[in-house]
Amino acid sequence: MSIKPLNNQGPTLKKKFILDGMLGSLTRWLRISGYDSLYFKDTDDDELINEALKENRILLTKDKELVSIARKKDVEAYFIDGISTLEKLIDLRKKTGISYSLQNSRCPRCNGEVIEVQKEDVSGQVPEASYNSFNNFWKCEECDAIYWKGSHWEKLKLTLKKANKT
Ligand SMILES: [Zn+2]
């Protein structure tokens with residue numbers, strides 16, 4: 001099976017997404033996989049389409065009508081099937097050919113860029129037990145959220161592995 005690229009982006013330049021109000025959880029999963037993903041909880045179809053056009057983003061939605069309207073305006077758009085997040089991740093992978101890997105490069109909360117920081121810099125800003133147990137920390141440049149590879153890390157990795165293969 002071969003996947004035909006849908007645009008001229010190089011392999012290192014990742015696809016960018018914009019998601020509608022029904023896909024908040026999928027948005028966070030895309031961000032932890034390093035995909036630049038905008039999420040609009042309450043916005044009308046025109047605005048979603050305009051934002052997609054402005055930054056060449058792929059529109060993901062649970063609204064089939066929006067898909068056809070967007071495609072008429074030359075926006076790459078997909079209806080996302082599935083109920084669980086895993087089902088949605090798999091459906092998206094099959095439709096766009098993307099793959100998932102856990103990264104600390106996008107903030108799941110706000111889509112800001114996340115950078116590695118010195119341990120001393122987060123002293124007093126994370127729970128003491130986490131501070132004592134971990135040596136690597138990351139911080140969102142937009143919202144200042146701090147991340148480390150805690151116990152949830154392996155669980156997230158497992159879900160993404162499933163999403164890549166199923
Ligand atoms: Zn953030």
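Colleague: Let's begin with the strands. How many bridges join β5 to β6, and do they run parallel or antiparallel?

Modeller: Keep in mind that this is a predicted model. Four bridges join β5 and β6, and the two strands run antiparallel. Within that pairing, isoleucine 115 sits opposite lysine 139 of β6.

Colleague: And which way do β6 and β7 run?

Modeller: Antiparallel again, with two bridges joining them. Lysine 139 turns up here too, standing opposite isoleucine 146 in β7.

Colleague: What's going on in the hairpin of β6 and β7?

Modeller: Five residues lie between the strands, and aspartate 144 takes a positive phi near 65 degrees there.

Colleague: Okay, on to the metal. Which residues coordinate the zinc ion?

Modeller: Four cysteines do it through their SG atoms: Cys107, Cys110, Cys140 and Cys143, at 2.3 to 2.4 Å. Along the sequence, these donors follow the spacing C-x2-C-x29-C-x2-C. Cysteine 107 and cysteine 143 are 36 residues apart and link distant parts of the chain. Cysteine 107 is in the loop between α4 (85-96) and β5 (114-117), while cysteine 143 is in the loop between β6 (137-140) and β7 (146-147).

Colleague: Why is the arrangement called tetrahedral?

Modeller: Because the four donor atoms subtend angles of 100 to 117 degrees around the zinc ion. For comparison, the ideal angle for four tetrahedral donors is 109.5 degrees.

Colleague: Is cysteine 107 buried or exposed?

Modeller: Cysteine 107 is buried, because its relative accessible area is 0%, and the cut-off for buried is under 20%. Cysteine 143 has a relative accessible area of 31%, so cysteine 143 counts as partly exposed. Cysteine 110 is also partly exposed, at 31% relative accessibility.

Colleague: New topic: the inside. How many residues are in the largest nonpolar core?

Modeller: There are 22, and the residues with the most contacts inside that core are Phe17, Leu26, Leu30, Leu60, Leu92 and Tyr100. At least two core residues come from each of β1 (17-19), α1 (24-32), β3 (58-61), α4 and α6 (152-165). There is also a second, separate core of eleven residues, with Ala52, Val67, Ala70 and Val75 among them.

Colleague: What is phenylalanine 17 in contact with, beyond its neighbours within four places in sequence?

Modeller: Its contacts include Leu30, Tyr35, Leu38, Ile58, Leu60, Leu92 and Ile98. Asp36, Ser37 and Arg57 are also in contact with phenylalanine 17.

Colleague: You mentioned α1. How many of its nine residues are buried?

Modeller: Seven, so α1 is mostly covered. The buried ones are Gly24, Leu26, Thr27, Trp29, Leu30, Arg31 and Ile32.

Colleague: And what covers the buried residues of α1?

Modeller: The cover includes β1, β2 (37-39), β3, α4 and α6. Just after α1, glycine 34 takes a positive phi of about 90 degrees.

Colleague: Last one, then. Where is leucine 156 found, and what does it touch?

Modeller: Leucine 156 is in helix α6. Leaving out residues up to four places away in sequence, leucine 156 touches Trp29, Ile32 and Leu102. Trp29 and Ile32 are among the buried residues of α1. As for lysine 62, it is 94 residues from leucine 156 along the chain, and their C-alpha atoms are separated by 24 Å.

Conventions:
Residues numbered from 1 in each chain as written. Predicted model: local features only at pLDDT ≥ 70, side-chain atom pairs only at ≥ 80, totals over all residues. Heavy atoms only, no water. Donors = N, O, S within 2.8 Å, 3.2 Å for Na, K, Ca; no water. Tetrahedral: all angles 85-135°; square planar, octahedral: opposite > 155°, others 65-115°. Buried < 20%, exposed > 50% of the residue type's maximum accessible area, 1.4 Å probe, protein only. Core = buried A, V, L, I, M, F, W, Y, C linked by side-chain atoms within 4.5 Å. Contact = heavy atoms within 4.5 Å. Pairing = 2+ DSSP bridges.
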